There are 2 protein chains.
Amino acid sequence: MVPKTAVILAAGLGTRMGERPKGLLKVARREILYRTLTLLRRNGVGMFIIVTNERYAGLYHEFIEGHGLNAELVINPEPEKGNGHSLHLVKNHVSGRFVLVMGDHVYGEEFIREALRGSGLIADRKPRWTDVGEATKVRVKNGRVEEIGKSLDEWDAVDTGLFILDESIFEITEALEREQDGDYPLSEIVERAELPVTFLDGLPWIDVDTPSDLKMARRMLAKTAVKGTGDGFISRHLNRRISTEISYLLAEKVTPNQMTLITFALGVISAFLTLVSLPLAGILYQISSILDGVDGELARAQLRESRFGGYIDSLLDRYVDGAFLALLAYSTLREPLWYLTALLALLGSVMVSYSTERFKAAYGEDAYGSIPALRKLPGKRDERIFTTMLFLLYPAGASVRALFLLLAILTNLRVCLTSYLVSEKVS
Amino acid sequence: MVPKTAVILAAGLGTRMGERPKGLLKVARREILYRTLTLLRRNGVGMFIIVTNERYAGLYHEFIEGHGLNAELVINPEPEKGNGHSLHLVKNHVSGRFVLVMGDHVYGEEFIREALRGSGLIADRKPRWTDVGEATKVRVKNGRVEEIGKSLDEWDAVDTGLFILDESIFEITEALEREQDGDYPLSEIVERAELPVTFLDGLPWIDVDTPSDLKMARRMLAKTAVKGTGDGFISRHLNRRISTEISYLLAEKVTPNQMTLITFALGVISAFLTLVSLPLAGILYQISSILDGVDGELARAQLRESRFGGYIDSLLDRYVDGAFLALLAYSTLREPLWYLTALLALLGSVMVSYSTERFKAAYGEDAYGSIPALRKLPGKRDERIFTTMLFLLYPAGASVRALFLLLAILTNLRVCLTSYLVSEKVS
């Protein structure tokens, strides 16, 4: 069972990152804390307690109101003391199991989803995004924390700043309060509690301490924003590598909807370019295909996924493909038989998408998720567009005709195979 | 709350319908009882008790086993007595609320769904399918049964053979058992209990007593088998009137899958006919459009609805339309600009369906159900095909070109309006 409450520690006074509390810094147009709360909420956590200091209380209050969050503020009047005290302060605000999470860490959705299934300290043996030099390390013995600290010589994993605890932790904070006059770090609680350790390796999370961490966080969000169940060969090996770099560059500046429109416009321009220069048209078409991933990536990185965005994007893609093939045929073909081929290529090209979307409409499940064999069938959009570009690079009448013939066969065959795989799946 | 158990009275000895028990007669390839049980099950009733006589017990046992039904048999050793005794026999088999239903009535899905929300006697003030002369009538006073019988002079409604009762009914059967030595009709129980009456007017149900009732039941199932949320003007006013007649004629002979193939074959033939005779092609295309409703109607009438059937049917429709437009263009057009128009007409024609199916994929709801305004937009398949036929009846080069231009504009405009309506709906 996922805990229902999360405690966020955000009482630390900003130092290397300026006057604004770190939890309210934005990455990919969203406050760090908004990200954490949103991802926790999507995964079943509904109540939030934010521990902050007197100086930041107003800003955090504004933040909570502004986003309409179900969050409570707890003030730590002595933020200069160790952050263990901040945890102790929520003693009477939580019961049962709860999540404890650092307010200045940026997490990816996959990390949060998996972490909520763990218990104790969530630790990463292969941290991919965070700076290990600065990180808090843990040595683990028999599945429990043996030692924890920034300067351990020998260590097994890195502290991800997320914990799944229960109220028994307050027996330890109680003792530490007495012994150390309220000044002790969280790591001391963790060590004394000998918390169990759940390893979660290589998933997206990063501790933000410096402006360059913030940049790395943006990069992490862009690079892990690929959904891609329907990605073809070209998309996986070429388009996504470029599109995620573009998403990284645009993450703070461009909204997903703006990107959808830009991509559509480029696609339509590429279609009209067939009237002028086939190689240029092909290249721009391929560029628009690369950019076609960016709106979705920006949406996920900026936590702005919307079904309507996906809906419109999907319609516009079909129109770009249709317009490209129609204008390419218009500008190159003369004989009725080749036009017939072009008509069938256009039909098949839309039907490839129709056959998978209609599956989802009927069965409520993603076709590529339900029928993994579908992923291996050639003829997806990224592959078709890349092939189209190749055929248009050294255009001759014969190569354009060969392209239409290839597309007409490939796409319609793919639809036949899709319906066969669907029939196998459901029977 | 829908009752969880249903009691089916099927102890009557067949008279006018031959040796086979009436509940096991087939209408549209399904036993009457299979229909009732299936519809009840689809609407939340999970347990069944069938009261029958010694002679039929073996047949009913076979029926239950054959269909793997969750049903129990209760034997009435004295079926020649009034059917009130049959109800009394289940006294110790049910508790709380339960459905009581006659084994020889054929019900439509809509009737069962609504009836389960009622209580007491479900009565019909405007019976549409059953023979009122033969029916049991009820006079209602203050919402309760005042008098019930076949030969009432004044009556308010007709007994539909379905009741929502609770175990208190057995106090009355107990009394009647003593007073009348176990020989009393159900109507006597109903009258003495002064059951509440729920009116359900004009929905599909029929009491099957004679072979002509059976034919009427088939007709009822065919005529009420139209789902039709996406039906256009031509479908509602022309195609469905004919297709339901055809479904009535084929209900016992043809399966939905066979019908899908026949319709697809006719559509493809009509497409190739464009090479020979445009008027004939157009007429056959329209005939295939009428037949296109029949597979779905047969599926509903025969209780054989399948998502895969709908999936394949939808793909094949797109291919018939695509093939028709492609071959029509091939056989009539010469200039590139008109081919461009044809390419856009074909694109738009598939996109009309794509835009609504993609909506369902994204939102999990039928587009026409969620956005009623969509139903009024012209350009649905039935309307496009009818228009195509009209343009091909007196074919001249100009009329075919006008058709392509019209389709190119109408379909793509419709897709624009659809996405606009979707954006309005979800924002």
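Biologist: Which are the buried residues of α8(A), and what makes a residue buried?

Modeller: The residues in question are A:Ile234, A:Ser235, A:Asn239, A:Arg240, A:Ser243, A:Thr244, A:Ser247 and A:Tyr248. A residue is called buried if 20 or more other C-beta atoms, placed from the backbone, lie within 10 Å of its own, exposed if 12 or fewer do, and partly exposed in between. This is a predicted model, in which local features need pLDDT of at least 70 and side-chain atom pairs count only at pLDDT 80 or more, while totals for chains, interfaces and linings use all residues. Residues are numbered from 1 along each chain as its sequence is written, and chains are lettered from A and ligands numbered from 1 in the order in which they are written.

Biologist: What do the buried residues of α8(A) pack against?

Modeller: They pack against α7 (211-223), α10 (278-291), α11 (294-301) and α16 (381-393) of chain A. Two residues are in contact if their C-beta atoms lie within 7 Å.

Biologist: How do you know whether the span of helix α8 of chain A agrees with its number of residues?

Modeller: The expected span is 1.5 Å times one less than the number of residues. Helix α8 (residues 233-250) has 18 residues and should therefore span 26 Å; its end C-alpha atoms are 25 Å apart, which agrees. The helix also bends by about 50 degrees at A:Asn239, the bend being the angle between axes fitted to the seven residues ending there and the seven starting there. A:Asn239 is itself among the buried residues of α8(A).

Biologist: What makes up chain A as a whole, in helices and strands?

Modeller: Chain A has 17 helices and 13 strands; these are DSSP runs numbered from the N terminus, helices being H or I of at least four residues and strands E of at least two. Of its 427 residues, 52% count as buried. Along its principal axes, the C-alpha trace of chain A spans about 90 × 50 × 40 Å.

Biologist: In chain B, is α9(B) called roughly parallel or roughly antiparallel to α12(B), and why?

Modeller: The axes of helix α9 (residues 256-273) and helix α12 (residues 307-332) come within 8 Å and cross at roughly 10 degrees. That makes α9(B) roughly parallel to α12(B), since angles under 35 degrees count as roughly parallel, over 145 as roughly antiparallel, 65 to 115 as roughly perpendicular and the rest as oblique. The axes are lines fitted to C-alpha atoms over the stretch in contact, with angles from 0 to 180 degrees between N-to-C directions. By class, this contact has eleven nonpolar, five polar and one charged residues; Ala, Val, Leu, Ile, Met, Phe, Trp, Tyr, Cys and Pro count as nonpolar, Asp, Glu, Lys and Arg as charged, and the others, Gly among them, as polar.

Biologist: How many residues of chain B are in contact with chain A, and which element gives the most?

Modeller: 37 residues of chain B are in contact with 37 residues of chain A. The elements that give two or more residues to this side of chain B are α12, α13 (336-363) and α17 (397-426). α13(B) gives the most, with 19 residues. By class, this side has 25 nonpolar, seven polar and five charged residues.

Biologist: Is B:Asp181 buried or exposed, and why?

Modeller: B:Asp181 has 10 other C-beta atoms within 10 Å and is therefore exposed. This residue lies in the loop between α5 (169-180) and α6 (186-193) of chain B, and its phi is near 55 degrees, a positive value in a residue other than glycine.
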